[in-house]
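Here are my notes for you on this one. Have the model open while you read, and click along as we go.

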Amino acid sequence: MIPGLVDVHIHGAKGHDFCDANTDGLSDIAAYLYSCGVTSFCATSMTLPENQLMEIFETVSGVPDDGNHAYVAGIHMEGPFLSPAKKGAQKESYLCNPSMDAFCRLSEVSSGKIKLITIAPELPGADKFIEKFHDEVAISLGHSTASYEIASKAFAAFSACLEMTASS
């Protein structure tokens, strides 16, 4: 016996992908994960246009919470706030600088289910984005060309926010 596993970065399984924007497909993913010992997961998105992400993010509420499916603990928003130089499998034309407005719209359509976001800290506006949303979502620095100094500054800003929260 082991405790249930938690997967914070999974795009899909069993021939389905979270970005298919299909509730039945996401339910199949959740059932499969549960059969493998995963009790909860963060469905991970690809970098896509905001209107597509809105449609995709709406599907998380359709997975049954019935003991036969892994619980969708949230969404891992992997992009679009990533460095073009480190885009990996992400489509470059969909990458953009961090946008607080876009994030708020996506968070609203997902009923606040965005729990983790990967962001490149060297992008314009990333520092303000981290300051604004550090207590609403876990911030992961990734797909980045940030220097040690830029990454340290991002971590320091996040830590300062944590210290202010703890002393409040």
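How do the residues lining the largest pocket divide into nonpolar, polar and charged? Keep that in mind for point 2.

1. Some ground rules. This is a predicted model, where local features need pLDDT of at least 70 and side-chain atom pairs count only at pLDDT 80 or more, while totals for chains, interfaces and linings use all residues. Residues are numbered from 1 along each chain as its sequence is written, and side-chain values use heavy atoms, with hydrogens and water left out.

2. The pocket. The lining of the largest pocket divides into 7 nonpolar, 1 polar and 4 charged residues. (Gly counts as polar here; Asp, Glu, Lys and Arg are charged; Ala, Leu, Ile and Pro are among the nonpolar ones.) Among the lining residues are Pro121, Gly125, Asp127 and Lys153. Helix H4 (126–133) and helix H5 (148–167) each give at least two residues to the lining; helices are DSSP runs of H or I with at least four residues, strands are runs of E with at least two, and both are numbered from the N terminus. The space inside comes to about 170 Å³. A pocket is an open set of points on a 1 Å grid where a 1.4 Å probe fits, with protein on both sides within 12 Å along at least five of seven lines; lining residues have an atom within 4 Å of a point.

3. Strand E6. Look at residues 114–119: 5 of the 6 residues in E6 are buried (under 20% relative accessible area, with a 1.4 Å probe and protein chains only). E6 runs parallel to strand E5 (residues 71–78), joined by 4 bridges, and 4 bridges also join E6 to the parallel strand E7 (residues 138–141). Strands pair if DSSP finds at least two bridges between them. Ile117 in E6 stands opposite Met77 and also opposite Ile139 in E7.

4. Rings. There are 5 aromatic pairs, meaning Phe, Tyr or Trp rings (for Trp, the six-membered one) with centres within 6.5 Å; planes under 30 degrees apart are stacked, over 60 edge-to-face, the rest tilted. Phe18 and Phe57 are stacked, 6.1 Å centre to centre with 5° between the planes. Phe18 sits in the loop between strand E3 (16–17) and helix H1 (23–35) and Phe57 in helix H2 (residues 50–57), so this pair ties together parts 39 residues apart in sequence.

5. One more pair. Phe103 and Phe133 are tilted, at 4.5 Å and 55°.

How values were computed. Grid points are joined across faces, edges and corners, and a volume is the space filled by probe spheres set on the points. Buried means under 20% relative accessible area, exposed over 50%, partly exposed in between (1.4 Å probe, protein chains only).
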